[in-house]
Amino acid sequence: MIALVIFGLWKLYERTYQEAEIRCQSISLAVVTHLSSEISKIDLALRNVAGEVTPPPRKDELRAQTDQVFNALFARQKLALPQVEAWSVTDADGMLVFHEGTGTQPLVSVADREYFRDLKSQKVDKLVVSRPLKGRMTGNWVLMFARAIRDSGGRFTGIVAATLPIKNLNQILSGFEIGRRGVVNLRDADLRLIARFPEQQDGNRVEIGDARVSEALRSRVNSGQSEATYSAIAPFDQVERIFSFRKVDRLPMHVLAGISKDDFFEDWRNTASHISGIVILLLVACNLAVVLFYRQWRLARQSAVAQQDGNAQLQQSLQQLQDRDNALIAAQQAGLLGTYTLDIRSKRWQCSDQLNSIFGIDGNFPHTIEGWQLLMHPDDREKMIRYFESEVVGKHQFFDQEYRIIRPCDGRVVWVHGLGRLDFAPDGSSASMSGTIQDISIRRAANDRLHLTHEVFLNASEGIVVTDRNGTIIEVNPAYSRITGYSSDELKGQNPRILKSDAQDDGFFTTLWRVLLTTGHWDGEIVNRRKNGTTYVQRTRIFAIYDAQGEIARFAGVVADITKLKESQLRLERMAFYDELTGLPNRALFADRIHKAMAECRRHDTRLLGICCLDLDGFSDINERWGHGIGDRLLVEVGKRLSGCIRANDTICRLGGDEFVVLFSDLKDEYDARDAVSRLLAISETPYVLGEVSTLVTLSVGVSLYPLAGTDEPDVLLRQADQAMFDAKRKGKNCMSFFDVESEQLLREQQASYDRLVKALAEDEFRLVYQPKVDLRSGAVIGVEALLRWQHPDRGMLPPMEFLPLVEATQLTLPLGEWILHEALQQQRKWLAQGLSLTIGVNIFGLHLQRTDFVERLADILGAYPDVDPRTLELEVVETTALENIRDVTVQIQRCRELGVGFALDDFGTGYSSLTYLQQLPVDWVKIDRSFVRDMIDTPKDRSLVQSIVGMAHTLGRRVVAEGVETTEHGVFLIECGCDCAQGYGIARPMPPTDLPAWIRQWTVPADWVANAGS
């Protein structure tokens, strides 16, 4: 009887122990199943994201574009995996470039994290799970799930990571019934604690990372067991428990489920005590046996009920997993993501409906490897077949490729990103492959646009700077660094004020910001200072960038260094306005000064303006006796002495040779003028010592007083002073002479000459001769210039200088100019009849452009010759004429161009020669004055001026003709300067129109020109 009772108690003990083991095994299996499912979904999401951000953005990309792409990318993942606290992306250096969880992008580095180092060193190319970490963003305990990002060449370019709070793991572990002192642990490969439920027992808390485990567990893990059930005393609280542990598939984690042995066997101990009492009482009552078996039945019933409850909880967990899988499928559909399974041995594949939709196929399409290959774009097919067979199947690698397919349903080309993992047969061969394929056409297009924008940003020749709304620099391109001398890192975080040079005052920048904030943009020039301290001029365009709410979010600036252009312009203006030998103002600057002085004099009608022409007496004798070097030194010294005896508001200039002009302002009367001129004559009292030469040189001075001279024309005043100067020379030199009424005789003579010119026009005494213009490189004759001559009945053929100055000073320019146009067009008609087509250049007088009806009269003249193409007529305007009223002249020229007529700027270099003026005038050609071309071989200054004019004209899109080409050597120099065309006696003298066709037939290009043009 006693043996039967003991046997029954033992069997009840064994059954209770087995129930405890089954309970622990069920709990550990459920936990492992739940965790594996969660981690697999996180891993799939990480693989998809890692493919979509390949390569990750560089640190110098615009942040706004990066945020937009990532927020859109992670929105789908957040929907499918709400338990993930945050998603993040780093670059290859570990710098955090996106952190979705906090909505901010702090400058945080994870380069020291073990999971980052493992991925970067290529120790692993799979999902990496970190040890428990305290998040740098939140301070909470988390696990990091991360995968490497690699470019198409397999190079490591960063990581994508998901942050899972450990408290979420604790919530998973808390969903199972384990009794009052039961525990569920999640530990890493070294058996350090990751998560535990309950977190504390009896007031004692086990910290994360605690490695205290029983020797029974450690020995089983070290022996390689992946699951086991055993009994052991927990080192933490010395409670004996029945444990079941399981290794999480493909992850360095173990799940431990433990039930307190004392708690679970409490009912068994009570039963054993009762039965022992009954045995001790010598089996007093048989009904106690019934009670015993009843209690045994009740315990079995309770155990079955408890097991049913555990199974119900397990079923509930599985249903939750199914719900989350459905959510993942919905997210994949929203993200154009399909799944497939390929049987490698049968070469057939099955897929989701979403993948059929992406491929544009239906159930009738062959779902075979050959069918998949037919879908591929022809340019990608061979590469993909080779990759699949040699790299994936041959080397057992993970499938990860972007390629194009052509949808059979509509012929549309679609970019897809395929991922796949091989499963292997027991013999180690590849059995199947499962994975996903996503339509990435939209992302590829966005990445292409982003890449294009980025390349333009990096390779633009202009500097580009981007600031936040407060003016703090956040991005610059390499060109901006080259211009400023600061590196990108030095500029970021700074304000553009670090470039301030103090060339502009605070009012300038106040106006700049007012315009920028009002209109959204600002254009202008700013003088800034480079890092090395040098200043430079930059052309700047700043514009505002607005956010979706219409508020200013950033500013962008595009700058160009125009320092050299400004310096070139200043050099040209200096050369145009100042005499190189003496440094005194030249004729062009004098013209500007006299206009201003005359205007000032008119405002103060009680004051006089004195125009004095000075000429050195006997200067030619000095040149002949001691040479031009001594003559030049003398001119410099004379200039210095003259400058020393004038006032600050007076002007002295050198017109050329030994001729100077002094402009005396604010004179009271003629006596005041005589005193001023006497000071000029006094400089001759002291000999000039020029090295070993000492000589006395006197002056002859002619004076014209405005407004007493009776004219408002500066040129007339200058001619009057010049006439008075010659009168001083006739009087014996070394004296002054004032212009007076005796000059009226000269005017009468001029009137007689004018009357003779009118008669010459009426009697058809004028003739046109033509001088060819040739292309310096090809040698082709591209046109001719029509030149005016007077066939005088008594004096013969007269050059223009004999009569043209008088014509230009009168109204005769109008009828004579129209006669020239008619004559040139008639000749063009004759040449066309002979098969000769040339452009004819005709000089027009300044008075023509001043007439409001000039364009209409020109149209009437052209209309009289309908067989002549207006494009073969080119009007030449003298530079000084064009600049007298540049705005009106520009309008007239533009209207003429609408008729088809071309324009050239003649005698360029004799006037202001300004880059600004040339840019405004809509001319096709620039003609360099013969005075510069003639002396350019022997005079470096003229050669430099020619080079500058050619460069300036070409910069503004104008072609250049050089006048006065006297020799073959002139042509060689002009070719070296980059000049386009030339004319002059070295090519051909002006000739009658009947001689031109024969000359063209015999014209040959000089050999030196051909050699230089081809080099």
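Which residues does Phe-766 touch, not counting residues up to four places away in sequence? The close-ups below start there and then move on through this predicted model.

**View 1. Phe-766 and its contacts.** Beyond its sequence neighbours up to four places away, Phe-766 touches Leu-757, Ala-760 and Leu-761, then Leu-788, Arg-789 and Trp-790, and also Phe-803, Leu-816 and Trp-819. Phe-766 belongs to the largest nonpolar core, which has 86 residues. Together with Leu-875 and Leu-974, Phe-766 touches the most other members of that core. Helix α24 (residues 813-833) supplies the largest share of this core, 7 residues. Another core, of 45 residues, lies apart from it and includes Val-32, Leu-35, Leu-73 and Ile-178.

**View 2. Helix α32, residues 968-977.** Here is a helix to look for on the inside: 7 of its 10 residues are buried, so α32 is largely enclosed by the rest of the structure. The buried residues are His-970, Gly-971, Val-972, Phe-973, Leu-974, Ile-975 and Cys-977. You have already met one of them, Leu-974, as a member of the largest nonpolar core. Just after α32 comes Gly-978, with a positive phi of about 90°.

**View 3. A salt bridge between Arg-212 and Asp-210.** Their side chains come together at 2.9 Å, N to O. Take a look at the two ends of this pair: Arg-212 counts as partly exposed because its relative accessibility is 42%, whereas Asp-210, with a relative accessible area of 15%, is buried.

**View 4. A salt bridge linking Arg-654 with Asp-579.** The side chains meet at 3.0 Å, N to O. Arg-654 sits in strand β25 (residues 651-656), while Asp-579 is in the loop between α16 (563-577) and α17 (587-603), so this pair ties together parts that lie 75 residues apart in sequence. Arg-654 and Asp-579 are buried.

**View 5. A network of salt bridges.**

Technical notes: Residues are numbered from 1 along each chain as its sequence is written. This is a predicted model: local features need pLDDT of at least 70, side-chain atom pairs count only at pLDDT 80 or more; totals for chains, interfaces and linings use all residues. Side-chain values use heavy atoms; hydrogens and water are left out. A nonpolar core is a set of buried Ala, Val, Leu, Ile, Met, Phe, Trp, Tyr and Cys residues joined through side-chain atoms within 4.5 Å. Buried means under 20% relative accessible area, exposed over 50%, partly exposed in between (1.4 Å probe, protein chains only). Helices (H or I, at least four residues) and strands (E, at least two) are DSSP runs, numbered from the N terminus. Contact means heavy atoms within 4.5 Å. A salt bridge is a side-chain nitrogen of Lys or Arg within 4 Å of a carboxyl oxygen of Asp or Glu.
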